[in-house]
Amino acid sequence: KISIEIQGFVREDKVGSLKNKFWNSSGKWLKNAFSLHLSKEELLFAVRRRIQELIKSENNEGADYVALTMASYGSFVFSKNERHFIPIPRELIFENDVGCGDIYSMVFSLMVAQGKELIDAGLEATAIAALRAKYKQISEFFNDDLNIDATKRRLREHQIHYGLSQVSKN
């Protein structure tokens, strides 16, 4: 199964400050994609497609599962019949978000590949990325008791409180 992290396709390969470039080979890759991760900046400035066009359907050769991360606002996860927004409660927002998108992408792709429900994959990825943001050094992240269950429970409570999931039965 192919999981795509758009970041590698839309950044210039050079030393120095990064610049986004347009992802002009998206059709070639999307038709074989199982999962796809992109940030809001990549969606706006590099992909130039509506999110619906990235999801596999009768009309699109897109990915089965799409995750859109929005930094400290949380994430959206999509499939043909589902969409969920997973907000990050204020107490889980930290200043250091370096590497969080990469961790989110890896966890989300792994969870959906293992057959987890879309919402569970999004919650797990959001929880682990939020916990990663808590630490300045990645070594601190791996040496701590992460209490992932409590973090996922808090994310889910926040999501339910605001009614932020939709599942359509087709």
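Me: What is Ser-39 in contact with, leaving aside its neighbours within four places in sequence?
Reply: Ser-39 is in contact with Leu-68 and Thr-69, once neighbours within four places in sequence are left aside. Contact means heavy atoms within 4.5 Å. This is a predicted model, in which local features need pLDDT of at least 70 and side-chain atom pairs count only at pLDDT 80 or more, while totals for chains, interfaces and linings use all residues. Residues are numbered from 1 along each chain as its sequence is written, and side-chain values use heavy atoms, with hydrogens and water left out.

Me: Is Ser-39 buried or exposed?
Reply: Ser-39 is buried, at a relative accessible area of 14%. Buried means under 20% relative accessible area, exposed over 50%, and partly exposed in between, with a 1.4 Å probe and protein chains only.

Me: And which strand is Ser-39 found in?
Reply: Ser-39 belongs to strand β2, residues 33-39. Helices (H or I, at least four residues) and strands (E, at least two) are DSSP runs, numbered from the N terminus.

Me: How many helices and strands does the protein have?
Reply: There are six helices and six strands. Along the sequence they follow the pattern β-α-β-α-β-β-β-α-α-α-α-β.

Me: New topic: which residues touch the most other members of the largest nonpolar core?
Reply: They are Val-77, Ile-86, Tyr-104, Val-107 and Phe-108, in a core of 21 residues. Helix α4 gives the most to this core, with nine residues. A nonpolar core is a set of buried Ala, Val, Leu, Ile, Met, Phe, Trp, Tyr and Cys residues joined through side-chain atoms within 4.5 Å.

Me: What lies apart from that core?
Reply: Another core, of 19 residues, lies apart from it; Trp-23, Leu-43, Ala-63 and Leu-68 are among its residues.

Me: How many aromatic pairs are there?
Reply: The count is four. Rings of Phe, Tyr and Trp (its six-membered ring) pair if their centres lie within 6.5 Å; planes under 30 degrees apart count as stacked, over 60 as edge-to-face and the rest as tilted. Phe-34 and Tyr-65 form an edge-to-face pair, 5.3 Å centre to centre with 70° between the planes.

Me: Why does that pair tie together parts that are 31 residues apart in sequence?
Reply: Because Phe-34 lies in strand β2 and Tyr-65 in strand β3 (residues 65-69). Phe-34 is buried at 11% relative accessible area, whereas Tyr-65 counts as partly exposed at 22%.
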